[in-house]
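Hello,

Here is the structure for you to look over. My notes follow below it.

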There are 2 protein chains.
Amino acid sequence: MRDYVGLLKENGLKVTFQRMNILETIEKNGHMSVEDIYDEVIKVHPSISLATIYKNIILMVEKAVLVEVPISGRKPKYELAKMDHIHLVCTECGDVADKPCMDEAGKVFLALTDAERFVLNKRQVNLYGVCASCQEAVAP
Amino acid sequence: MRDYVGLLKENGLKVTFQRMNILETIEKNGHMSVEDIYDEVIKVHPSISLATIYKNIILMVEKAVLVEVPISGRKPKYELAKMDHIHLVCTECGDVADKPCMDEAGKVFLALTDAERFVLNKRQVNLYGVCASCQEAVAP
DNA sequence: CTGGTTGCAAAATTTTTGCACTGGT
DNA sequence: ACCAGTGCAAAAATTTTGCAACCAG
């Protein structure tokens, strides 16, 4: 598990049980919507309020501790900030998997935006399809 | 202007003024949120209701006439279905520009998902940064 | 201590739904 | 004439806000 205490302090955020639980839940599950996070965190911290989840997600996204992953046709999900990667989004179950290897594509994107006089800050690649386990479910 | 009458009929949708206005507005403006569309369409069709906008967007996305473009930190936008392209999203003004050239990246993505036993259906690339005109606004 | 943080309840916003009426085909 | 489509108003769902109590530093 990562050093969330340090991560929060670096960003001028106090270390509360709520925040620790949010971060640990997201680490464990990978990609979660606000509702997903609430449903999980409330199991270990029954008194937490949805407003607290919202406030903290907004705050942690601002501080770049979390990253919003917008997804076509669904609520956005949130993940821990990490090395550049792309997302494999299953259109059946909604699950999101990370895939490293932004490097090859990275060069292409830089060339593209240079020509455009566009200052590139962040890249976001979603590949939509059907994941291995959903393929099995359809054709066992 | 495209043949929206044909496009709607092909998809089993009746040709109404509301739908024509929605499609023409999106063609003219490129990428629009639900609210954007409503604000524009109401100018030429004052009696249209927001519910009609919602119902039609949902319907036309199902029929793949429109495509939802989810954007980090903002409401999703909608565009006409068109050839594969990437999005340059300005984090200052929120504007979205299309850029063709999915080909180079396309190969990379296919190789990636093949290895994963992931059936790739749709690709969505957002590059976030500051567009040329917002750069000028900051440093004139 | 003390300012940031929480939880609650209320407000604001956004999206969906039901239904009578309208208008395309 | 039939039934998809519209508009309205109400309901549901989502997100934000204000504030008193609380607690990490």
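B:Leu88 is buried, with a relative accessibility of 4%. Bear in mind that this is a predicted model.

**Around B:Leu88**

B:Leu88 sits in strand E3 of chain B, which covers residues 86-90. Leaving out residues up to four places away in sequence, B:Leu88 has neighbours in both chains. From chain A, B:Leu88 touches A:Thr113, A:Glu116 and A:Phe118. From chain B, the contacts are with B:Asp95, B:Val96, B:Ala97, B:Lys99 and B:Leu127. There is also a pairing across the sequence to look at. B:Asn126 is 38 residues from B:Leu88 along the chain, yet their C-alpha atoms are separated by 6.0 Å.

**B:Lys99**

B:Lys99 belongs to strand E4 of chain B, residues 96-99. Is B:Lys99 buried or exposed? Its relative accessible area is 17%, under the 20% cut-off, so B:Lys99 counts as buried. Which side chain does the side chain of B:Lys99 meet in a polar contact? The partner is A:Glu116, in the other chain, at 2.8 Å. With residues up to four places away in sequence set aside, B:Lys99 touches A:Leu112 and A:Glu116 in chain A. In chain B it touches B:His85, B:Ile86 and B:Leu88.

**Two helices of chain B**

Next, a helix pair. Helix H2 (residues 17-29) and helix H3 (residues 34-44) of chain B have axes that come within 10 Å. The axes cross at roughly 120°. That lies between the perpendicular range, 65 to 115, and the antiparallel one, over 145. H2(B) and H3(B) are therefore oblique to each other. Their crossing is right-handed. H2(B) contributes B:Asn21, B:Ile22, B:Thr25 and B:Ile26 to the contact. H3(B) contributes B:Ile37, B:Glu40, B:Val41 and B:Val44. By type, the residues of this contact are five nonpolar, two polar and one charged.

**Two backbone angles to check**

Most residues other than glycine have a negative phi. Two exceptions are listed here. A:Ala64 is not a glycine, but has a positive phi of about 65°. A:Ala64 lies in the loop between helix H4 (50-62) and strand E1 (66-69) of chain A. B:Arg117, also not a glycine, has a positive phi near 50°. Its loop joins helix H5 (103-115) and strand E5 (119-130) of chain B. B:Arg117 has a relative accessible area of 56%, over the 50% cut-off, so it is exposed.

Best wishes

Technical notes:
Residues numbered from 1 in each chain as written. Chains lettered and ligands numbered in written order. Predicted model: local features only at pLDDT ≥ 70, side-chain atom pairs only at ≥ 80, totals over all residues. Heavy atoms only, no water. Axes fitted to C-alpha atoms, helices over the stretch in contact; angles between N-to-C directions. Helix = DSSP H or I, 4+ residues; strand = E, 2+ residues; numbered from the N terminus. Parallel < 35°, antiparallel > 145°, perpendicular 65-115°, else oblique. Left-handed = near helix turned anticlockwise from the far one by under 90°. Contact = heavy atoms within 4.5 Å. Nonpolar A, V, L, I, M, F, W, Y, C, P; charged D, E, K, R; others polar. Buried < 20%, exposed > 50% of the residue type's maximum accessible area, 1.4 Å probe, protein only. Polar contact = N/O pair within 3.5 Å; in protein donor to acceptor, adjacent residues only side chain to side chain.
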